[in-house]
Amino acid sequence: MATMADVARRAGVSVATVSHVLNGTRPVLPHTRQAVLDAVEELGYTTNTLARSLVTARTRSIGLAVSAISNPYFTEILQGVEAAVLEAGYSLLIADPHDDPEHERKVVQLLHERRVDGVIVAPSADPRGLLAYLGRHDVPAVFLDRLVDGPGTDGGPRFDQVCADNAEPTSRLVTHLAALGHRRIGLVAGRPGLSTTSERISGYRSGLAFAGLAYDGRLLVHGDSESAGAEQATEALLSLGVPPTALVTGNNAMTIGALRTLGAHGLSVPDDIALCCFDDFAWADLFSPRLTAIAQPGRDIGARAVHVLLERLAEPDRPARTVRLPCAFVHRTSCGCPSPSEEGTPS
């Protein structure tokens with residue numbers, strides 16, 4: 001196996017110059033850099049990552065802890081994270097916390113013990129153990145999709161966070177349905193304790209207020225962010241003395257559950273009940289009717305989380321920040337509109 005010294009001899013430069021070229025630690029003349037790269041290619045040299053990590057105390061690896069990787073939305077986030085990590089010359093270690101607080105802390109500890117340089121986490125509804133571990137061990141971390149309450153000493157967030165806007169897009173779904181004449185609009189909300197759930201509930205209520213509709217607590221049910229939970233939640237809404245004429249579902253999994261229950265009751269969307277959903281997904285346009293949805297920028301969220309973490313590694317003492325990315329309103333036919341434009345516009 002070729003060594004750095006072999007590369008240096010072939011290129012006619014010092015070992016230090018080879019190191020600067022490969023690690024980007026100092027500018028090198030273009031012709032010298034090319035000679036080193038040519039030598040690397042000819043000899044088939046590969047960097048000894050383990051040896052370099054022992055010297056630099058960095059492994060150039062990032063840990064990602066995200067639940068429900070099978071969820072299309074989180075799959076998009078994963079793709080964004082992976083692309084940005086590879087572009088930066090890092091490797092990626094992935095773990096699934098299963099939305100369980102204790103398992104979440106364990107998998108982040110495992111990633112930390114593997115000496116990742118930092119972690120990106122979609123936190124559970126009860127991240128107290130996670131926060132305690134990260135704080136105790138001073139682990140560079142970025143939270144994505146879901147925010148974590150608890151300001152730092154300066155009143156700002158304790159950790160960097162990257163997420164989509166949640167409240168205003170949900171409000172837009174409600175006001176859209178209200179503009180179509182609906183007065184009883186139900187919400188199948190996600191798991192209590194998640195910031196995405198609370199923010200979308202806030203958007204639901206503000207949308208009702210903007211439309212001049214009274215809030216009725218019986219029309220807000222929790223589907224726990226899962227298809228099965230949404231089936232039960234939708235069943236509860238349909239059993240009301242005066243059921244809703246329109247539904248907003250809080251994520252793509254709950255949309256599937258709601259549709260399954262509506263179908264079991266022989267209800268047609270949108271003829272019998274209108275439906276709008278948070279989370280667009282690849283096959284939403286293939287449903288009959290096609291789903292009016294809020295599309296989150298999953299890949300951009302994942303990529304931005306990586307960039308924010310790399311900035312944190314470069315400047316450990318800078319103030320933490322929260323980055324929110326805009327969503328898009330994708331207007332199709334499940335809301336009851338006859339022939340809407342299918343182009344997403346910024347929400």
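Both F143 and F159 are buried, where buried means under 20% relative accessible area, exposed over 50% and partly exposed in between, with a 1.4 Å probe and protein chains only. The model is predicted, so local features need pLDDT of at least 70 and side-chain atom pairs count only at pLDDT 80 or more, while totals for chains, interfaces and linings use all residues. Residues are numbered from 1 along each chain as its sequence is written, and side-chain values use heavy atoms, with hydrogens and water left out.

Start with the whole chain. Its secondary structure comes to twelve helices and 13 strands. Helices (H or I, at least four residues) and strands (E, at least two) are DSSP runs, numbered from the N terminus. Of the 347 residues in the chain, 48% are buried. Contact means heavy atoms within 4.5 Å. Among contacts in the chain with a separation of 6 or more, 67% join residues 24 or more positions apart.

Now the aromatic rings. A pair of aromatic rings is described by the distance of the centres and the angle of the planes. Rings of Phe, Tyr and Trp (its six-membered ring) pair if their centres lie within 6.5 Å; planes under 30 degrees apart count as stacked, over 60 as edge-to-face and the rest as tilted. The structure holds three aromatic pairs. One of them joins Y73 and F74, with 5.3 Å centre to centre and 55° between the planes, and is tilted. Y73 and F74 are buried. In the pair of F143 and F159, the ring centres are 5.3 Å apart and the planes stand at 70°, so this pair is edge-to-face. F143 lies in strand 4 (residues 141-144) and F159 in the loop between strand 4 and strand 5 (160-164), so the pair ties together parts that are 16 residues apart in sequence.

Stay with F159. Its relative accessibility is 12%, so F159 counts as buried. Leaving aside neighbours within four places in sequence, F159 is in contact with L131, L134, G135, V139, A141, F143, A320 and R321. One of these residues is A141. The C-alpha atoms of F159 and A141 are separated by 6.6 Å, although the two residues are 18 apart along the chain.

The loop between strand 4 and strand 5 also holds D145. Phi of D145 is near 70°, a positive value in a residue other than glycine. D145 has a relative accessible area of 5%, so it is buried.

Axes are lines fitted to C-alpha atoms, for helices over the stretch in contact, and angles run from 0 to 180 degrees between N-to-C directions. The axes of helix 5 (residues 72-87) and helix 12 (residues 298-314) come within 7 Å and cross at roughly 40°. Helix 5 is therefore oblique to helix 12. Angles under 35 degrees count as roughly parallel, over 145 as roughly antiparallel, 65 to 115 as roughly perpendicular and the rest as oblique. The crossing of helix 5 and helix 12 is right-handed. A crossing is right-handed if the near helix is turned clockwise from the far one by less than a right angle, and left-handed if anticlockwise. Helix 5 contributes Y73, E76, I77, Q79, G80, V81, A84 and V85 to the contact, and helix 12 contributes G298, R299, I301, G302, A303, V306 and H307. By class, this contact of helix 5 with helix 12 has eight nonpolar, five polar and two charged residues. Ala, Val, Leu, Ile, Met, Phe, Trp, Tyr, Cys and Pro count as nonpolar, Asp, Glu, Lys and Arg as charged, and the others, Gly among them, as polar.

Helix 10 (residues 227-238) packs on helix 11 (residues 252-264) at an angle of about 45°, with axes 7 Å apart. That makes helix 10 oblique to helix 11. This crossing of helix 10 and helix 11 is right-handed. From helix 10, the contact takes S227, A230, E231, T234, E235 and L238; from helix 11, it takes A253, M254, I256, G257, A258, R260, T261 and L262. The contact of helix 10 with helix 11 divides into seven nonpolar, four polar and three charged residues.

Look at the segments around these helices. S225 sits in the loop between strand 7 (220-222) and helix 10. S225 is not a glycine, yet has a positive phi of about 65°. T249 belongs to strand 8 (residues 246-249). With a relative accessible area of 0%, T249 is buried. Beyond neighbours within four places in sequence, T249 is in contact with V188, M254, T255, A258, L275, C276, C277 and F278. P270 lies in the loop between helix 11 and strand 9 (274-278). The peptide bond from V269 to P270 is cis, with omega near 5°.
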